[in-house]
Amino acid sequence: MDEKLLRRLESAVTRLESLSGGSQPHAVAPGAASEPSIVAFEDLITEYVGKVSAAAEKIGAQVKDTTKVLSDAFIVQKQLLVNIKQSQKPDAGGMVEFLKPLNEKLTEASSMTGGRHSDFSNHLKSTAESLTALAWIAYTGKDCGMSMPIGHVEECWQSAEFYSNKVLIEYKNKDSNHVEWAKALKELYVPGLRDYVKSHHPLGPVWSATGAIVSAPSKSSKPGAPAAPNLPPASLASSASSSSGSKQGMAAVFQEISSKPVTAGLKKVTNDMKTKNRTDRAGLVSSGEKETHKSVPSVAKVGPPKLELAMGRKWVVEYQIGVKDLSIDECDPKQTIYIFGCKDSILHIKGKVNNITVDKCTKMGVVFTDVVAAFEIVNCNNIEAQCQGAAPTISIDNTAGCQLYLSKDSLESSITTSKASEVNVMVPSQDPDADLEEHALPYQYIHAYQEGNFVTSPVSHSGGDCAPKTNSGTKSKTICLISNNAQKTDTDTKSKTNFLTSNNVRMDTKSKSKSLTVNKAQKTDSNMVYSLDWTPEKNRIVSASQDGWLIVWNALRSQKTHAIKLPCAWVMTCAFSPGGQSVACGGLDSVCSIFNLSSPTDKDGNIPVSRMLSGHKGYVSSCQYVPDEDNHLITSSGDQTCVLWDITTGLRTSVFGGEFQSGHTADVLSVSINGSNSRMFVSGSCDATARLWDTRVASRAVRTFHGHEGDVNSVKFFPDGNRFGIGSDDGTCRLYDIRTGHVKAGMDDGR
């Protein structure tokens with residue numbers, strides 16, 4: 001009886017509201033609740049929300065309260081989905097009013113996370129963060145400022161998973177009810193809500209074309225005030241106007257205008273009031289004013305000047321204007337120098353550094369001694385740089401006007417230019433008493449189609465040949481940056497020998513062929529060696545071979561220090577931890593195994609596995625520890641994903657790719673972590689692409705790099721962290737810049 005009575009009451013309310021003619025959202029129309037999308041959402045609430053509520057009942061306290069808010073929020077969204085079927089798409093103000101019930105629940109969940117610290121703070125925060133996924137219902141198109149519904153749900157859960165994982169870690173060995181609650185909460189959103197949105201609302205909710213209009217309440221209306229009376233029908237309004245003697249509407253407006261003088265009330269504009277004659281307005285300015293404005297540097301985006309060492313690794317020189325005596329005296333080969341936003345200044349770097357980058361500077365002079373990696377000039381104007389020692393690579397990108405002064409030790413530097421103009425290089429003459437020779441690097445090219453290919457050659461201007469030019473007026477330029485120092489070179493460089501990979505491969509500088517000679521050879525495993533890695537101190541090596549052994553070597557004495565029998569012989573990768581106390585390996589067993597070198601051996605003399613990271617659905621192709629963190633590691637796999645692991649707990653912190661659309665579409669073969677920013681890493685795959693990832697946002701790749709025609713077998717970051725190299729099956733290697741996404745250099749095997 002009760003159910004029949006309720007149905008009759010609902011039917012009566014529906015009829016009354018349909019007769020009222022108001023603009024408020026109406027009740028559920030017959031049949032609206034039986035829509036497939038509504039039924040599917042009811043099943044979502046029953047299956048997934050019910051599972052979370054059941055787990056919360058076992059815990060009680062604040063977890064039960066916050067789960068009750070979560071359940072109410074999903075019920076509110078169900079009602080909103082029903083109302084969408086019966087309402088026209090509202091404007092911005094109407095959308096706020098329409099979503100008000102849902103916003104109240106989200107606010108209630110968020111308010112529970114404030115106040116004093118609670119033992120269940122991670123539960124409360126994960127619930128509040130995850131509920132923002134319900135805002136997918138507000139998606140109205142590409143221009144609405146939010147992600148697509150599916151992406152929005154995934155991104156919101158990624159944010160909430162940070163706190164959910166803390167619950168799993170905290171209660172893993174304490175209380176299984178909390179673990180059950182955290183897992184049920186994840187299943188509610190991924191795959192629960194995500195799959196529902198994907199199946200029924202992939203492009204957002206579909207509004208009714210003929211339903212009621214949802215509008216924002218009038219600002220003058222007050223709560224409890226009677227509603228304004230409905231306007232009379234159009235026929236009644238027209239009859240009333242015809243019977244009236246006076247004109248109404250636009251006719252009355254035109255009648256009033258025509259009855260008065262058109263220019264009544266207007267003020268006369270005198271000559272001194274005209275814009276062209278006024279001196280207090282920025283109308284037309286004289287040429288003198290233009291020149292004055294141009295000569296003053298813009299300070300709108302200039303910050304405070306800086307010259308400091310950040311975290312012991314990176315020198316930051318920013319916003320130095322008109323300072324001619326900048327100096328960095330204490331340098332280290334592991335440090336980098338970043339110069340940004342400087343103007344009309346000179347910086348002297350005294351010592352060897354890893355990398356120097358000059359970015360967005362104007363009329364800047366830089367004098368440096370030695371660079372281990374590269375000297376870069378990016379987005380600059382009128383730059384002068386002087387190398388007093390050696391620099392393997394000099395890169396000039398998107399720069400207009402650059403003067404380079406090279407010493408004898410830097411003549412073998414590789415100079416790369418891209419979108420650079422007016423680049424001149426000054427080199428020492430063969431005659432010690434002669435002036436420096438000036439060479440202009442071409443930036444104009446001719447592309448001619450010959451024999452099926454385009455042949456590129458620099459433009460040769462008429463009136464001169466291509467021989468190096470000697471500028472007779474450049475003698476004074478040799479000391480334009482620092483007095484008496486421009487011609488100085490290191491007299492001890494003849495006795496120096498360049499060593500690579502910690503004295504194990506030596507470059508013979510006396511021979512012009514620069515042949516590499518083997519300094520030490522390690523007699524390794526009895527089968528194919530598949531991978532090796534160095535310790536940060538560069539004195540030990542770990543090698544992985546498919547004879548089933550993982551061997552740690554003392555590279556200085558060619559001695560084995562550890563021999564580890566692997567659970568699976570088909571190993572593909574290995575890595576040393578930053579602290580050098582543990583090693584990791586993985587292969588066809590789809591598991592990454594961690595070995596602590598200080599662990600006691602078992603009865604057979606083998607080091608046992610200290611942690612097994614299992615979760616990949618394909619072989620583990622590559623692994624690398626996060627720099628300066630022994631407890632975090634990134635792996636790549638044949639299941640098309642990369643995973644960031646917490647070694648302490650053995651759990652996956654983030655998964656990159658796989659179920660997310662921006663991931664790789666084939667096996668991932670290699671990963672490399674940025675040494676300057678450990679939150680960034682790059683992966684290479686059989687889909688012929690490399691992808692740049694940020695560990696804080698696993699749902700999408702930061703950038704995808706195309707260009708290769710075969711599998712990307714290997715990726716490796718450059719020491720400065722701004723570039724990385726790729727080796728591919730197509731027989732080429734490429735160097736990419738992560739800041740611009742452009743190819744910096746390309747190499748092939750010559751075949």
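Salt bridges (a side-chain nitrogen of Lys or Arg within 4 Å of a carboxyl oxygen of Asp or Glu) number 19 in this structure. The model is a predicted one, so to speak for its limits: local features need pLDDT of at least 70, side-chain atom pairs count only at pLDDT 80 or more, and totals for chains, interfaces and linings use all residues. Residues are numbered from 1 along each chain as its sequence is written, and side-chain values use heavy atoms, with hydrogens and water left out.

One of these pairs is Glu187 with Lys51, whose closest N and O atoms sit 2.9 Å apart. It ties together distant parts of the chain: Glu187 belongs to helix α8 (residues 176-200) and Lys51 to helix α2 (residues 36-59), 136 residues apart. Helices here are DSSP runs of H or I, at least four residues, numbered from the N terminus. Glu187 comes out as partly exposed at 30% relative accessibility, and Lys51 as partly exposed at 38%; buried means under 20% relative accessible area, exposed over 50%, and partly exposed in between (1.4 Å probe, protein chains only).

Lys186 is partly exposed at 36%, whereas Glu161 is buried at 10%.

Arg194 and Asp195 make a salt bridge too, at 3.3 Å from N to O.

How values were computed. Helix = DSSP H or I, 4+ residues; strand = E, 2+ residues; numbered from the N terminus.
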